Amino acid sequence: MKAFWKFFKLHLLSDVRNRRSIFWVVIFPVLLLVLLVLAFSNLGINGALNFRVILINEAGTSGFDFSNRIVDIVKSISFPSKNAVFTLIEMNPNQEDLAIKKVLYSDADILIVIPKDFDSSIARSVLLSKLNINFSPATLDVFYVPNRASSSLAEGMIEGLAGKINAFFAGTLGQKISPVVVKDQILGGIMSSPSYTDFVTPGILVIAPFTTGLLLVAPKLSFLRSNRVMRRYSSTPMNPASFFFGFTFSRVAIMVIQYIGLALFAVFVMQASVDVFSLDAFFYYLFSCAVYTAIGFAVGVAVSSAVAVSALSSVINLPLEFLAGIYFPLFNLPWYLKIFVYANPLWYATNAMREFLRVSQSPSPMWMNIFIPGLWFIISMSFALTKRAAERK
Amino acid sequence: MEKIVEVKGLRKKYGHFEALKGIDITLYKGEIFGFLGPNGAGKTTTVEILEGLRKPGEGEITFFSEKISGAIPPRVKEKIGVVLQETRFLDHLKVKEIIELFASFFKNAKSPEEIIKMVQIEEKADDYTDNLSGGQRQRLAIATALVNDPEIIFLDEPTVGLDPQSRESVWELIKMLKKEGKTIFLTTHYMEEAQALCDRISIIDRGKIIVSDTPKNLVRNYGGKSEIDFKCDPVPSQSIIDDLKLHVSVVDDHFRIETDNVTKILEVLVEWSKKFNLLITDISLVEPTLEDVFLSLTGRGLRD
């Protein structure tokens, strides 16, 4: 225990006294948050968009043809048409639950259900409108996740589509009529629309400890190994667990300081509307710290020179960071990038932190947000421990 | 004499490569034991096994009359001190903090102040280790090896990279430790260091100990002859040189005599110079070293 406390205290002191560490670990994440918010908070959406739309036509077998016309209209603006904005996935009425899950977990952006009575409702609406009698319009059920940018944008497009259909009827019948309305079915929790500050804050709370894992674990471990400091420790009767836990906890302590500093800065200075006092968020953060420390251990034992550690850290850091949806929402990615996203622990951590901080619903199930980073932890630690054991033979 | 460490038939393999081919070493209490050998000879493997950094292969290791099976256990490590080659410490920590850290590893540790005084770095106690000179850093490394008041200290190339003054001060420290009754296992590349400090020496080559003895005996038995170089004024003729009745060779502008008995030859030279009224100038003596011992035993230099 004596050795554990000494390791904990001295490793912590060693970093706290190091100005370079302080900059990268404490000041840089704050600067990053400020710079990102300043640069991108008013960002518009440019370029070609494509949304994944699931369509279920329950009315397809009725005698009228309105529902099939809706399907044709959606198809006309879907891939492979020119200027397609949708990628259409048609599913059967008995697959509605599966379709909802796909939208909820980001496999699709939106689900349109044309109800069974859609055609008869439109026919009734047209007839009653001619007789100037009030009518209930036909509904298009649209399932979407309001706090996911791609889903929300797709919903807006469906609203626009319904408006065009109504305009068509109005033009044909020569009177003002809206026989079709969009009935929104909200998936996930109802949260207020996040600002860019809210959106990016959970991501920064993911990036900061991840960077610490790479900057304050890997190079330090590499330094201790290449300069034979670890060997010197091993020549004493010290229990290796004292070093492991003392070193690890000193890193986690730094990460906790990061959380407190960043969270308070985001809320009180950047006016972010995030629930930084959420215990769920804090415990998930601690879990993430363990994962990132393990990744740092793996990098630190994989290579021994400082230059190699720095290069390997960059190789790991950059793709994981940019494929985590920290700075921008991820959608319309090609399949080969999706593989990286689905294997990326930072993506799951960002999703989980956004949900726990009450920013937006996680597009991945919460068990996956724990399972995939947990897998990274197990693989990284196994690699690090096996390599160390082999070195000691 | 009390045996501190006894190694019998120690072997170690790395894959198919046999690094140690059955070596025997005995260390007695209070002696400085020198372990010499070129790179790749098996020196580091042997030392690291004894320091508890590697697991031994076959063979018997006895520490303080206790037979050890497998890796060196913590109870033995409580009684040994280790100084690795060119030791580095964590950055941004003070000298005293480093010693406190190492003291926390042992059940019975001396106070950091006492250790700092012993290695004479009191004025640097509150300085960061990054600001120490090479000699001071090596003293700190030795300090970390003394915190548990060890019975045996392993010093691995303790003066590599040090300037002559710092090297001399580390030698003084090692001599002081010997005076205090510590047993020292010293590996070094510097022959003069081994000759100056060691009571006994073993030379290892290709995984085998090829010879063990006192430095004096090693040099006497395996080092070859001493060389006496001199000049004469005026330069003697060949007939006058022949009068010495010794094998005299001419090297550059001086004469050289190789001998096992320097004193006797010097007496002969004095008599000879008087007889022919010659003035002997620039006389010098080159004695064989451990380098010569190694060369004669293996046909290679220690640094090859």
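Two residues are in contact if their C-beta atoms, placed from the backbone, lie within 7 Å. On that basis, 20 residues of chain A are in contact with 24 residues of chain B. The model is predicted.

**Where chain A meets chain B**

- Two or more residues each come from α1 (2–16) and α8 (229–234) of chain A on the side that touches chain B.
- The most is given by α1(A), with six residues.
- By type, this side of chain A has six nonpolar, six polar and eight charged residues.

**Chain B overall**

- Chain B holds 11 helices and 14 strands.
- Its C-alpha trace spans about 75 × 50 × 35 Å along the principal axes.
- Chain B has 304 residues, and 39% of them count as buried.
- Take the contacts in chain B between residues at least 6 apart in sequence: 71% of these join residues at least 24 apart.

**A helix pair in chain B**

- Helix α3 (residues 95–103) and helix α5 (residues 134–146), both of chain B, have axes that come within 9 Å and cross at roughly 30 degrees.
- Angles under 35 degrees count as roughly parallel, so α3(B) is roughly parallel to α5(B).
- The crossing of α3(B) past α5(B) is right-handed.
- On the α3(B) side, the contact is made by Val95(B), Ile98(B), Ile99(B) and Phe102(B).
- Leu140(B), Ala143(B) and Thr144(B) make the contact from α5(B).
- The residues of this contact comprise six nonpolar, one polar and no charged.
- An α-helix has 3.6 residues a turn, so residues three or four places apart point the same way.

- Helix α13 (residues 345–356) of chain A has 12 residues.
- From first C-alpha to last, α13(A) reaches 16 Å, close to the 16 Å expected at 1.5 Å a residue.
- How many of the residues of α13(A) are buried? The count is 12 of its 12 residues, and the helix is mostly covered.
- The buried residues of α13(A) include Trp347(A), Tyr348(A), Met353(A) and Phe356(A).
- Arg354(A) and Glu355(A) are also among the buried residues of α13(A).
- The cover over these buried residues includes α7 (196–226), α10 (279–302), α11 (306–322), α12 (335–343) and α14 (366–391) of chain A.
- After α13(A) comes Arg358(A), with a positive phi near 60 degrees.

How values were computed
Residues numbered from 1 in each chain as written. Chains lettered and ligands numbered in written order. Predicted model: local features only at pLDDT ≥ 70, side-chain atom pairs only at ≥ 80, totals over all residues. Axes fitted to C-alpha atoms, helices over the stretch in contact; angles between N-to-C directions. Helix = DSSP H or I, 4+ residues; strand = E, 2+ residues; numbered from the N terminus. Parallel < 35°, antiparallel > 145°, perpendicular 65-115°, else oblique. Left-handed = near helix turned anticlockwise from the far one by under 90°. Nonpolar A, V, L, I, M, F, W, Y, C, P; charged D, E, K, R; others polar. Buried ≥ 20, exposed ≤ 12 C-beta atoms within 10 Å, placed from the backbone. Expected span 1.5 Å × (residues − 1).
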